Amino acid sequence: MIVVDPVVLGDVPFTRLSSKWVYDRTGTLVEVPANTLGVTYDPADLSTAPWALLETAATNLLRYSEQLNYADAWGGSARIVQPNTAVAPSGAINADRVVATTDPGYHYIDQSVVGAYVDGETYTFSVFARAETFNRIKLELYYAIGNTGGFAVGFNLATGTIDGGAAHIAATGAKIQALPNGWFRCSITGTVTYAAEHQRVLCRVVLLNLTGQGSYIGTNEPGVYLWGVSFTKGTDLGSYIPTISGAATRAADVVGAGAGLVYSNVPMAEPPYNAAATYAKDAAVYDPATKIVYWSMVAGNVGKSLSDPAFWNKRTAINRWAMFDDRNSTQTSNPEEIVSVFSAQAITQGLFAGAMDASEVRVSMTHPTRGLVFSEAKSLVLPRSGSSFYGWCFNRLRLRTWFLTLKLPVFANALVTVTIKKPGGVPKCGMCLLGPTIDVGLSMMGLSTELKDYSTTTFFTDGSSSTVERGFSKKMSVDISVESDRVESIEDDLIKRRQKTLVFLGSTLRGDTMLVGRFSSLRKVIDSFPRSKMALQIDGVLSQ
């Protein structure tokens, strides 16, 4: 038997003094407001788990990153920039088309970065690009007069591949990242070593013809689409930073201390209670400390304690926190997907989610310095064929109501992102618990479970009856085989967790032997060497 000891969750503060851009579930770049954690998808593979994107501060030193026709910022040769001709990765129609003219020679746009760089430092130059008539570009990063020092790498926008270094000094890093709708984010990285001597760094995007040549006679036909150019310090490509008339900085992500919820995409429908406010009858508020909703019992309700039943009616947890209370019967719901990010501040190998109505669960873990260290996606759709054609076609689709993983890597200060999905519907989750695991011992055959219904039926003298439906709970009895020298330590571990809600896993392969609750009795029998027996009686939390 494995026991997951859940971390007690609160609210964890998060700050970032600027907005940032991340990819949503459709692979579209969306803006996240300041002081809100950014959760991003991999645009190249939207089937993987999204993760909390933690970044240090960064500055885009190029001006007018989305207005490549702005003559005061962008120069070039033998090209025409046609603004706002295509849908950009952000979903806005503001991507520019760059066309090669009939002039012979190189066809490119460029911009000089003057004085803002640091000589001897490493920088990354990137652009979002999409093929049209042409399907190749080359990124050049120069830092010497006459373009005698720098880097140049070609990119094939038809195949999504790197063509390789092509001039002067090969870049130390080149990447191409696929996005939906034919877009790619192309980047090169290199160390600028002589820029101070020449007072500039030049960032250039060259249009290559279909054979990969840089110098040719154009035809004034459509070339490629470009958008979102950036030049940032460091080797990390990072999230996109838009600019207008000057350099722009994306502030650092700062996660506060403590264990708890850092981010949720579930909106807060009720406002927090304010003792100075006046509430109408039936007005709803929530207690910031307990996350419980209260309804006002009277009109003109002001200054009355939430614990006073004459003025406030205690309800259940707010929607965002319903999946974290101690009841299966309260569920968090949200259209399409529920996304929650936790800071456990402890080594947490286990995650259990139950009482769900969803089709898929995705889990990831992000470390502040190592980035994404874990990702898992699991479908909750159960096989229905029954080894028959009829069963495959006509049996009702069944969904597993629980999810379990014990594979989270050993990091004490990482963020765990849990995404519960039901495309086209409303996913629900009644229980989500995260914490370290305890190996109690080997569950023995004979494990039993039962349901206890708390509904009551009253019978009348005429033989009729009236039933009041109430919740139910699940109980489990299990015998465990353990090493005799571990009996005492296991007993001590369980005594410390008496009256605490735990996740008991009789078998990690059978959902009906997984129970969220508390143990009501513990019996040990030291009957042999080297193994002995322990018996547990476990009472599950209330369900509806």
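**Entry 1: a charged pair inside the fold**

Is D253 buried or exposed? I began with this residue, keeping in mind that the model is a predicted one, and I found that D253 has a relative accessible area of 13%, which makes it buried because the cut-off for that word is under 20%. I then looked for its charged partner and found R16, which forms a salt bridge with D253, the closest N and O atoms being 3.0 Å apart. The two residues come from distant parts of the chain, 237 residues apart: R16 sits in the loop between β3 (14-15) and β4 (20-23), while D253 sits in the loop between β21 and β22 (254-255). I also looked up the accessibility of R16, and this residue is buried too, with a relative accessible area of 0%.

**Entry 2: other salt bridges**

How many salt bridges does the count come to? I noted 23 salt bridges, and I looked at two further examples. One of them is between K281 and D282, whose side chains meet at 3.7 Å, N to O. The other is between K475 and D539, where the closest N and O atoms are 3.0 Å apart. K475 belongs to strand β42 and D539 to strand β45, so this pair ties together parts of the chain that are 64 residues apart in sequence. On accessibility, I wrote down that K475 counts as buried at 19%, whereas D539 is partly exposed at 25%. Returning to the pair of my opening entry, I saw that salt bridges with shared partners join R16, K20, E55, R250 and D253 into one network.

**Entry 3: helix α3 and what it packs against**

Which residues of helix α3 (residues 487-496) are buried? I listed V487, I490, E491 and L494. Seen down the axis of α3, the buried residues fall within an arc of 100 degrees, so they line one face of the helix. To make sense of this spacing I reminded myself that an α-helix has 3.6 residues a turn, so residues three or four places apart point the same way. On the face turned away from the buried side of α3, I found the exposed residues E488 and K496.

**Entry 4: the strands around β44**

I next followed β44 to its partners. Strand β43 (residues 502-505) pairs with β44 in the antiparallel sense over four bridges, and within this pairing F504 stands opposite L515 in β44. β44 also pairs with β45, again in the antiparallel sense, over eight bridges, with V525 standing opposite K533 in β45. How many residues lie between β44 and β45 in their hairpin? I noted five residues between the two strands.

**Entry 5: a sheet of six strands**

I then looked up another sheet, an open one in which six strands stand in the order β2-β23-β30-β35-β32-β33 with mixed pairing. Its edges are β2 (10-11) and β33 (371-379), and each has a single partner strand, so one side of each is left without a neighbour in the sheet. Inside that order I picked out β30 (residues 337-343) and β35 (residues 415-421), which run antiparallel and are joined by seven bridges. In this pair E337 stands opposite K421 in β35.

**Entry 6: T243 in its loop**

Where is T243 placed? I found T243 in the loop between β20 (224-233) and β21 (248-250), and although the residue is in a loop, T243 is buried, with a relative accessible area of 6%. Its side chain reaches the backbone nitrogen of Y64 at 3.3 Å. Leaving aside neighbours within four places in sequence, the contacts of T243 are N60, L62, R63, Y64, S65 and A248.

Key. Residues numbered from 1 in each chain as written. Predicted model: local features only at pLDDT ≥ 70, side-chain atom pairs only at ≥ 80, totals over all residues. Heavy atoms only, no water. Pairing = 2+ DSSP bridges. Buried < 20%, exposed > 50% of the residue type's maximum accessible area, 1.4 Å probe, protein only. Polar contact = N/O pair within 3.5 Å; in protein donor to acceptor, adjacent residues only side chain to side chain. Contact = heavy atoms within 4.5 Å. Arc of directions from axis to C-beta. Salt bridge = Lys/Arg side-chain N within 4 Å of Asp/Glu carboxyl O.
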